[in-house]
Amino acid sequence: MAGQVNHEYHILEPDIWPLFGAFAGLVFTSGMVLYMHEMPNGYLVLGLGVAALIATFFAWFSNIVKEAQRGDHTPVVQLHMRYGMILFIASEVMFFVGWFWSWFDFSLFPSELSEVVQGEFPPAAIEEVLNPFKLPLLNTLILLCSGTTVTWAHHSLIHGDRDGLKKGLWATVILGAIFTCIQAYEYSAAPFAFGGNTYSSAFYMATGFHGFHVLVGTIFLIVCLRRAYLGHFTPRQHFGFEAAAWYWHFVDVVWLFLFIVVYVWGGWGHEFH
C-alpha cells in the first residue's frame with residue numbers, strides 16, 4: 001500500500017526550524033560581535049539573536065517530544081539518539097579539556113616576562129584566592145547529592161514508581177538551583193575580578209562555563225519534571241529523561257575535577273579569602 005511504513009526508522013517531516021535556527025545563530029553571533037565592539041544597536045541585535053535561539057530550542061524540542069509521544073521513536077531510533085547524546089557529551093568533555101589544558105599551562109609554566117605574573121601561580125597580582133573548603137566544598141556536596149537524587153528518580157521510573165520519579169526530580173532541580181545561587185554569591189564575593197591575569201581569566205572561564213552547564217542541565221530537568229506530571233515517560237521509553245540524567249552526571253564529574261584542580265591544587269599555599 002502506498003505510504004505504508006515497513007521499517008523502524010523515523011523519516012522526519014519537512015520543518016522550518018533547522019533553517020530558522022541557522023538564521024538565529026547568525027543573528028546571535030553578529031550581535032555578539034557588535035556588542036563586544038560597542039557598536040550601535042549591538043544590544044538590539046544580540047537580544048534578537050538570543051530570543052530567536054530560545055524560540056528555536058522551544059519549538060524544535062517540542063516537536064521531538066510530540067514525535068516521542070506518537071510512537072516515532074522506535075527502539076532503533078532511540079539507539080541512534082543515544083549515540084548522538086554520547087557524542088554530544090564527548091564534545092563537551094573536549095570543550096572542558098581545553099580549559100583544563102590552559103589552567104595547567106598557566107600554572108606549570110607561569111610567565112616571567114609579565115609584571116602581573118612574575119613567574120608565580122597564582123600570579124603576584126592575586127593577593128588572595130577563594131578558600132576551597134568553604135563555599136566550593138559546600139557546592140561539591142550539593143552536586144554529589146543531586147547526582148544521587150537524579151539516580152533515585154531514574155530507578156523509580158524504571159520500576160514504575162512515578163511518585164518517586166517526581167520527588168527525585170524536584171530534589172535535583174532544587175539542588176541545582178541552590179548550586180547556581182551559591183556560585184553567583186561566590187563570584188560577587190571573590191577577592192579578584194575577571195581578567196587582568198592568567199589565574200582570574202582561566203578561573204572564571206572554567207567555572208563560569210560549568211555554571212552555565214548547570215543552568216542548562218537544570219532547565220533540562222525542569223522540562224523532564226513537567227513531562228513526568230503529564231505522564232510522558234514509561235519504564236521502557238524515557239530517553240528524554242535518560243539524556244538529562246547523563247548530562248547531569250557529566251556536570252557532576254566536571255565539577256569534581258574543577259574542585260580538585262582549580263580550587264584546591266590551583267590555590268595551594270596561597271592566602272585564602
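Predicted model: local features only at pLDDT ≥ 70, side-chain atom pairs only at ≥ 80, totals over all residues.
What percentage of the 273 residues in the protein chain do buried residues make up? They make up 39%, where buried means under 20% relative accessible area, exposed over 50% and partly exposed in between, with a 1.4 Å probe and protein chains only.

Figure 1. Residues are numbered from 1 along each chain as its sequence is written, and side-chain values use heavy atoms, with hydrogens and water left out. Helices (H or I, at least four residues) and strands (E, at least two) are DSSP runs, numbered from the N terminus. The C-alpha atoms fill a box of roughly 80 × 45 × 30 Å along the principal axes.

**Figure 2. Helix 7 covers residues 239-265.** Its 27 residues should span 39 Å at 1.5 Å a residue, and its end C-alpha atoms are 38 Å apart, which agrees; the expected span is 1.5 Å times one less than the number of residues. At leucine 258, helix 7 bends by about 30°, the angle between axes fitted to the seven residues ending there and the seven starting there. Because 19 of its 27 residues are buried, helix 7 is largely enclosed by the rest of the structure.

**Figure 3. Helix 5 (residues 162-189) packs with helix 7.** Their angle is about 35°, with the axes 13 Å apart; axes are lines fitted to C-alpha atoms, for helices over the stretch in contact, and angles run from 0 to 180 degrees between N-to-C directions. Look in helix 5 for residues including Leu165, Gly176 and Phe179, which meet residues of helix 7, among them Phe241, Trp248 and Trp255. Contact means heavy atoms within 4.5 Å.

**Figure 4. Helix 4 (residues 135-158) is followed by glycine 160.** The 24 residues of helix 4 should span 34 Å at 1.5 Å a residue, and the end C-alpha atoms are 35 Å apart, which agrees. Glycine 160 has a positive phi, near 75°.

**Figure 5. Proline 235 lies in the loop between helix 6 (198-229) and helix 7.** Why does proline 235 count as partly exposed? Its relative accessibility is 42%, so proline 235 falls in that class. Proline 235 touches Leu157, Ile158 and Gly160, not counting residues up to four places away in sequence. Serine 156 is 79 residues from proline 235 along the chain, yet their C-alpha atoms are separated by 9.0 Å.
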